[in-house]
Amino acid sequence: MTSPLPIKFYQTGTFTVGNRLLDVSVRSVQSDSQRNNSLNSGHRACQGCGEALGARYALDAAMRAVNGRLVVANATGCLEVFSTPYPESSWRVAWLHSLFANAAAVGTGMAAAMKVKGRTDVRVIAQGGDGGTVDIGFACLSGMFERNDDVLYICYDNEAYMNTGVQRSSATPAGARTATTPAVGEAPGNVMNQGKNVPLIAMAHFIPYVATASVADLRDLETKVDKAMRVHGARYLHVHVPCPLGWGCDTGDTIKVARLAAESGLYPIFEAEYGEITGRRMIRKRVPVDEYLKLQSRFSHLFKTTEGRARVAQIQAIADRNIARFGLVPEGAPA
Amino acid sequence: MLKQCEGSQAVAEAVALCRPEVICAYPITPQTHIVEGLASLVKSGALSPCEYINVESEFAAMSVAIGASAAGARAYTATASQGILYMAEAVYNASGLGLPIVMTVGNRSIGAPINIWNDHTDSMALRDAGWIQLFAESNQEAVDLHIQAFKLAEELSMPVMVCMDGFILTHAYERVDVPTQEQVDAFLPRYVPRQSVDPDDPVTIGAMVGPEAFMEVRYLAHAKQMEALELIPQMAEEFRRVFGRSSGGLVRPYRCEDAETIVCALGSVNGTIQDVVDEMREAGVKIGSVSLCSFRPFPSAALGKVLGHASRVITIEKSLSVGIGGNVSHNLRMSLPGRDTKVYTVIAGLGGRAVTKASLRRTFEAAIRGTLDPLSFMDLNVKAVERQLEREKAARRTGPAAEAILRDLGPTVGASASTTTHGPAAGAAH
Amino acid sequence: MNKPFAITLDIGTSLVNKTGTWRTERPVYVDRLPPCNNACPAGENIQQWLFHAEEGNYEAAWREIMKNNPLPAVMGRVCYHPCEDCCNRAKLDSAVGIHAVERFLGDLAIAQGWNVKAEKPSTGKRVLVVGAGPSGLACAYHLALLGHSVTVHEAGPAPGGMMRFGIPKYRLPREVLDAEVKRIADLGVTFCYNRKVEDLDALMKAERYDAVFLAVGAHLAKRAYIPAGDASKIMDALQLLRGVEAGEQPMLGRRVLVYGGGNTAMDVARSAKRLGAAEAIVVYRRTREKMPAHDFEVQEAMDEGVMFKWLTTITAEKDGEFTVEKMRLDEKGKPQPTGEFETMKADSCVLALGQDVDMSFLKQVKGLTVTDGVVEVGPDMMTGCKGVFAGGDMVPAERTVTVAVGHGKKAARYIDGYLRGATYQAPPKHEVASFDLLNTWYYSDAPATVQPALDAARRTESFDEVVGGLDQSNALFEARRCLSCGNCFECDNCFGVCPDNAVIKLGPGKRFKFNYDYCKGCGMCSTECPCGAIRMEPENI
Amino acid sequence: MSIGGFVEGRWAQAIPSFGSERMGAPVVAFCRLHDREIRAREPVTAPDAVVIQDPTLLHQIKVFDGLSPTGYVVINSGRSADELGIGELVKSLPAGHVLTVPATEIALRHVGRPVPNAVLLAALCALTGELKLESVEAAIRHKFKGDVGERNVAAAREAHAMCARGTAAKGAVTHAQAV
């Protein structure tokens with residue numbers, strides 16, 4: 001497995017998308033004016049859509065990694081709906097939408113077809129939102145993993161069913177308000193549970209590659225897509241993509257919110273090979289979860305009552321546990 | 001090559017001769033032997049190149065087939081009963097996307113109560129899914145229909161379901177002529193997809209279509225099925241030329257020329273019906289039967305021609321449209337516009353209840369006498385039903401009906417033994 | 001491919017859907033004024049030259065400096081760099097070492113022999129510059145670039161003014177100064193040394209100058225009256241520094257008092273150590289916090305063993321004993337006598353109490369007004385006398401080399417306008433790119449590069465330069481620490497983060513533009529712009 | 001049996017009806033032999049012969065329902081019909097139409113496992129003369145390859161030799177039911 005050369009950012013000044021100071025060969029795909037724009041302008045995603053951005057990031061990176069030899073299966077969901085309302089398509093890749101729950105299986109089918117046709121250069125990505133992945137599509141996903149089918153599955157996690165109007169999914173975080181977990185009653189918002197951690201479940205299938213990524217760290221995301229496309233077999237990439245509408249954050253704050261999720265430890269970014277964690281993205285500037293939560297109205301009820309504050313403390317405990325578990329801050333760093 | 005073998009094995013061999021490139025398999029009785037047979041053929045290298053994928057559900061089976069077909073591979077799967085319902089939305093999706101997948105349905109009932117035996121409830125549940133539905137009368141026809149199905153599907157870019165009665169055909173050892181690879185190759189060309197997911201010519205497949213075009217899309221699906229009405233007989237004819245026997249087609253009339261009474265049915269029960277027709281003809285009754293090979297598209301015109309002169313039509317139906325009666329008869333009435341032909345709907349053989357010659361003959365004779373109800377249930381244990389209805393009238397908490405009826409029927413060794421030993425004894429035409 | 005109706009679509013066709021109509025706010029690219037540029041008395045476009053330096057394009061960086069300042073190597077050493085005091089990076093880790101990069105560039109230019117050429121054809125206009133100090137040099141340089149014929153009259157024997165006679169060598173090696181002055185001379189500027197102007201009016205008429213720039217330095221030391229038994233034990237700072245410059249060895253003795261708290265006092269105290277004094281004690285009437293000398297100069301002096309006596313004034317001297325009075329600060333921070341006295345033994349005392357300008361040569365100039373020892377000038381640097389401009393120490397302003405250089409440039413622009421019969425219009429100043437407008441997440445953690453320095457023990461042995469320069473690699477690193485506040489540095493963030501691909505990348509050096517056909521106005525580009533170069537403006541609907 | 005019929009150029013139909021029953025549970029299967037195509041797919045309700053693989057079923061279900069008055073019965077047992085308590089049945093059928101064979105015992109001896117099927121098939125054919133022993137052997141070899149097939153064939157031969165008494169008339173439809 002080849003891994004892209006690490007770049008010492010302090011020598012180049014910035015973590016930005018482009019960075020004119022880097023050699024062209026190590027610049028990000030997104031900085032390339034000739035990038036594929038796999039999800040083209042004119043799509044009907046909301047302003048500041050993290051999923052639209054994440055999908056373009058990931059697919060552009062994949063297109064570069066496989067030299068354009070890519071086919072994509074897409075689950076039903078926001079991403080599918082806003083990109084392909086008849087008569088216009090925003091996709092600039094060979095793309096197929098079948099159903100909500102079956103993207104992984106459709107991916108399997110496409111991979112099988114390519115293999116049987118001897119077109120081993122053509123690679124397959126299946127993708128969907130969190131609903132289509134961790135909930136309704138979970139069986140197909142697990143099946144694809146278990147068979148080690150040659151598919152990279154990408155989940156764009158915006159932590160609820162946004163397409164249908166922000167209902168809870170099993171990726172919805174503790175305490176969050178959604179249309180089906182309203183902020184009323186004695187236990188407002190979502191249950192205070194950990195939720196379903198599909199990356200860890202994916203690892204339990206001992207597949208070649210599992211990673212989490214975020215729109216807040218493009219370079220990390222692109223590196224992971226590139227890495228994933230250099231491996232065969234079942235691979236899983238979970239990308240955190242804030243939804244300004246569903247999360248109640250400013251449309252301009254999408255990346256900022258994603259960044260705070262990672263920097264607070266609530267969204268651990270790591271990678272694993274064959275079931276073992278092999279890398280983690282260290283937190284650069286650790287922040288309390290409040291900083292993350294306060295930007296989003298889905299958590300606003302937590303800051304209005306003492307009980308709410310207690311819930312925030314529980315959420316902080318989740319973040320702390322992530323940090324400890326994944327080793328997201330250097331040992332000996334102040335908590 | 002002629003051989004005596006299990007229907008499932010014959011179908012597996014026939015499917016293999018069609019050179020499917022991706023096979024999705026999930027076990028469900030009674031289609032399991034088909035995919036088991038194919039597994040051996042793929043594993044042994046006899047069928048190559050072919051990707052055989054053991055999926056985790058029927059839903060995945062159809063979904064993998066969708067992906068494979070959309071990516072340009074000839075895709076096949078088999079299912080039955082609960083399985084076809086579990087994959088239902090994918091079944092609709094495959095036809096919506098115009099993917100020429102071929103699927104065997106080993107027809108079986110749908111629970112609850114859970115029941116593994118044959119009827120047509122499963123296929124009927126998906127009759128509006130946009131698939132072509134062909135019903136095999138015998139294992140020979142099952143073999144032949146699969147070969148035609150691939151050609152038909154690919155010609156039309158539309159999926160085809162080959163329905164064969166569970167156990168009665170799938171598990172039956174019969175004489176079957178399995179064609180040679182050369183014959184099949186001569187009949188079935190290489191699959192050239194109408195459209196595919198291909199980086200060399202990228203398109204967006206599966207767009208979201210709003211009110212402005214959805215009707216048209218559905219209409220076009222219908223128009224394609226109407227096209228199939230032309231194509232199916234042509235294909236049967238072509239098949240006859242290549243393989244030297246007739247199989248398939250839209251309808252297969254038997255001794256209908258001068259028949260006043262015509263019995264219409266789907267699948268393997270037609271053989272039993274033909275035996276009864278022969279018996280009654282010998283007794284001087286002007287009776288014939290017609291096997292509906294194609295249920296979707298429904299061959300209204302062809303059927304209308306066959307039924308033209310009959311004064312009564314009896315449909316023997318292995319599915320019940322609960323709340324109204326027969327699926328076949330309601331479709332069939334469309335073939336008889338403006339005629340005062342009497343149509344009798346006979347629900348028979350649900351959940352594996354044996355459809356016997358004796359019961360059929362009694363039923364036909366009752367119809368000819370004019371004593372048959374427009375909707376009747378062959379060999380229904382009327383007493384058991386009435387007792388349960390009374391119980392329900394008397395008390396609110398009566399418990400599960402199925403168990404109560406089983407209790408009424410008395411001690412049995414097992415479900416299988418009970419159906420075979422007690423079956424024909426239970427009740428007369430209602 | 002024969003595509004099924006409606007279900008299958010051609011790729012990329014959503015371009016017909018102009019989502020720009022969704023917008024209620026539109027992003028616009030702006031150039032905000034970086035705090036460093038804003039603070040630079042010389043008006044250097046620091047962010048811009050750092051931009052070139054970051055790429056390793058040192059010559060372009062140097063040329064960018066030269067647009068505003070002809071003395072980069074000098075300024076990189078002697079400027080008190082107010083730019084760094086307000087550098088936004090200081091709020092992250094530490095300020096960008098702008099002066100160090102500037103010095104590196106200046107030194108590199110000298111080493112490489114980079115030169116400048118006049119930008120405009122000769123105008124035939126003659127301008128007299130009085131004084132070859134920093135403002136005179138700067139003005140002469142800019143005027144020469146603009147095509148004018150410039151003659152500099154300098155009273156001293158060599159160019160540089162206070163840079164030569166006020167700043168010790170250990171801070172500014174003379175070969176550096178000479179090299180940068182030579183470059184100005186090479187532009188065709190005529191230098192006349194030892195030519196003190198006595199009667200400006202007469203000179204202008206005699207030599208037919210079309211305009212004049214007065215840039216005489218403050219060379220008259222301010223004296224405090226200290227009754228002294230031996231007057232020779234008390235000297236002024238300029239006297240001392242000038243003597244050192246001339247190679248003299250002033251007799252200071254073992255223990256030297258330096259009276260004053262400015263940068264000159266530091267220079268003197270440190271020079272005294274180098275001249276052999278065992279003890280140099282700075283006597284200042286207020287506290288360290290109130291000291292006008294720059295912190296780093298005080299620190300360097302302390303490192304070298306200079307001692308300090310705060311809240312003290314010198315009142316008298318007798319037989320090597322200096323009487324000093326303790327002071328206290330009143331509520332306004334002003335020193336007030338306490339009436340408590342003590343004595344300090346010292347071999348000499350150097351007064352570093354500030355300087356005045358000798359204005360005697362201006363007596364004949366009509367319309368020119370002198371108030372509080374400085375010449376009054378308008379915003380165009382012109383005195384009350386038409387065609388006579390002034391700058392540097394002569395005019396009301398902070399007296400630093402950098403301010404002087406800025407005056408020279410500014411005056412040159414107005415003189416040029418004056419000579420061409422037009423009025424120079426300074427471009428409007430942009431809004432300052434304050435820290436809150438930045439998204440500093442994107443800047444990698446990179447503490448400032450420490451310039452190499454001589455060991456404190458070795459420093460006082462000679463007048464060798466104390467602070468070393470950066471080398472190529474650390475100059476590059478330091479330049480790359482620049483946040484480019486308020487100015488696009490083509491980081492591609494806007495291009496990358498737009499979920500609607502509504503940013504068009506125009507290519508290296510050409511920046512970006514918005515494609516308002518598709519921009520939905522989410523504002524992500526603005527939030528994620530590291531340097532605050534995108535502003536969201538309400539859309540007129 | 002149906003394969004044996006096919007080997008002899010006849011039409012045959014075998015329909016197992018065990019559905020979801022587990023190994024060892026009582027099950028039913030049918031077989032038809034004919035000289036022309038068999039179209040009917042109803043279960044065999046009036047068998048010409050009944051083969052009972054497990055004599056414990058004799059008194060649990062009505063295994064002889066519908067049996068032709070001239071039908072045949074083969075029972076897997078080392079005991080006599082009287083000992084099995086079906087003396088009345090024996091009397092209602094033509095003499096010699098009821099046969100008990102220790103099929104499991106024979107199978108154990110030859111095959112090493114309690115698989116009486118081949119033995120009972122051979123016994124039925126010997127009793128009825130419906131199929132030639134060679135056809136039975138061919139069918140067994142078709143289903144069981146190699147050594148297992150040969151052992152079954154040996155078991156079948158022993159059973160056939162033991163009960164050879166061809167008496168059934170050929171040409172008629174033979175319906176067999178195995179319980």
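**Close-up 1. Helix 2 and helix 3 of chain C meet side by side in this predicted model.** From helix 2 of chain C come Gln48(C), Trp49(C), His52(C) and Ala53(C), and they meet Tyr58(C), Ala60(C), Ala61(C), Glu64(C) and Ile65(C) of helix 3 of chain C. Sorted by class, this contact holds six nonpolar, two polar and one charged residues. Helix 2 spans residues 46–54 and helix 3 spans residues 58–66; their axes come within 7 Å and cross at roughly 170°. An angle over 145 degrees counts as roughly antiparallel, and that makes helix 2 of chain C roughly antiparallel to helix 3 of chain C.

**Close-up 2. Helix 1 and helix 7 of chain B pack together.** Here you can follow helix 1 (residues 7–17) and helix 7 (residues 139–156) of chain B, whose axes are 9 Å apart at an angle of about 20°. That angle makes the two helices of chain B, helix 1 and helix 7, roughly parallel. Their crossing is right-handed. Look on helix 1 of chain B for Gly7(B), Ala10(B), Val11(B), Ala14(B), Val15(B) and Leu17(B), which meet Asn139(B), Ala142(B), Val143(B), His146(B) and Ile147(B) on helix 7 of chain B. Eight of the residues in this contact are nonpolar and three are polar, with no charged ones.

**Close-up 3. Helix 10 and helix 13 of chain B cross at roughly 60°.** The axes of helix 10 (residues 269–282) and helix 13 (residues 357–369) of chain B come within 9 Å. Helix 10 of chain B passes helix 13 of chain B in a right-handed crossing. Helix 10 of chain B brings Thr272(B), Ile273(B), Asp275(B), Val276(B), Glu279(B) and Met280(B) to the contact, while helix 13 of chain B brings Lys357(B), Leu360(B), Arg361(B) and Phe364(B). Five nonpolar, one polar and four charged residues make up this contact.

**Close-up 4. Three strands of chain C form an open sheet.** Reading across the sheet, the strand order is 12-13-14, and the pairing is antiparallel. Strand 12 (312–318) and strand 14 (335–345) of chain C are the edge strands; each has a single partner strand, so one side of each is left without a neighbour in the sheet. From one strand to the next, the twist averages 25°. Six bridges link strand 12 of chain C with strand 13 (residues 321–329) of chain C in the antiparallel sense. To find your place in this pairing, look for Ile314(C), which stands opposite Val324(C) in strand 13 of chain C.

**Close-up 5. Chain C is assigned four domains, and this view brings out domain 2 and domain 4.** According to the domain assignment, domain 1 of chain C covers 14–31 + 488–538, domain 2 covers 36–115 + 442–480, domain 3 covers 126–220 + 356–419 and domain 4 covers 222–352. Taken over C-alpha atoms, the centres of domain 2 and domain 4 of chain C are separated by 31 Å. Where the two touch, seven residues of domain 2 of chain C are in contact with seven residues of domain 4 of chain C. On the domain 2 side, four of these residues are nonpolar, two are polar and one is charged.

Close-up 6. Ile205(B) is a handy landmark, standing opposite Thr8(C) in strand 1 of chain C.

**Close-up 7. Chain C also meets chain A.** This contact takes 46 residues from chain C and 45 residues from chain A. On the chain C side, strand 1, helix 16 (472–480), helix 17 (493–497) and helix 18 (524–528) each supply at least two residues. By class, that side of chain C has 21 nonpolar, 13 polar and 12 charged residues. Chain D, by contrast, does not touch chain A, and the nearest C-alpha atoms of those two chains are 26 Å apart. No contact joins chain D to chain C either, as their closest C-alpha atoms lie 42 Å apart.

Key: Residues are numbered from 1 along each chain as its sequence is written. Chains are lettered from A and ligands numbered from 1 in the order in which they are written. This is a predicted model: local features need pLDDT of at least 70, side-chain atom pairs count only at pLDDT 80 or more; totals for chains, interfaces and linings use all residues. Two strands pair if DSSP finds at least two bridges between them. Helices (H or I, at least four residues) and strands (E, at least two) are DSSP runs, numbered from the N terminus. Ala, Val, Leu, Ile, Met, Phe, Trp, Tyr, Cys and Pro count as nonpolar, Asp, Glu, Lys and Arg as charged, and the others, Gly among them, as polar. Axes are lines fitted to C-alpha atoms, for helices over the stretch in contact, and angles run from 0 to 180 degrees between N-to-C directions. A crossing is left-handed if the near helix is turned anticlockwise from the far one by less than a right angle, and right-handed if clockwise. Domain bounds come from an automatic or database domain assignment. Angles under 35 degrees count as roughly parallel, over 145 as roughly antiparallel, 65 to 115 as roughly perpendicular and the rest as oblique.
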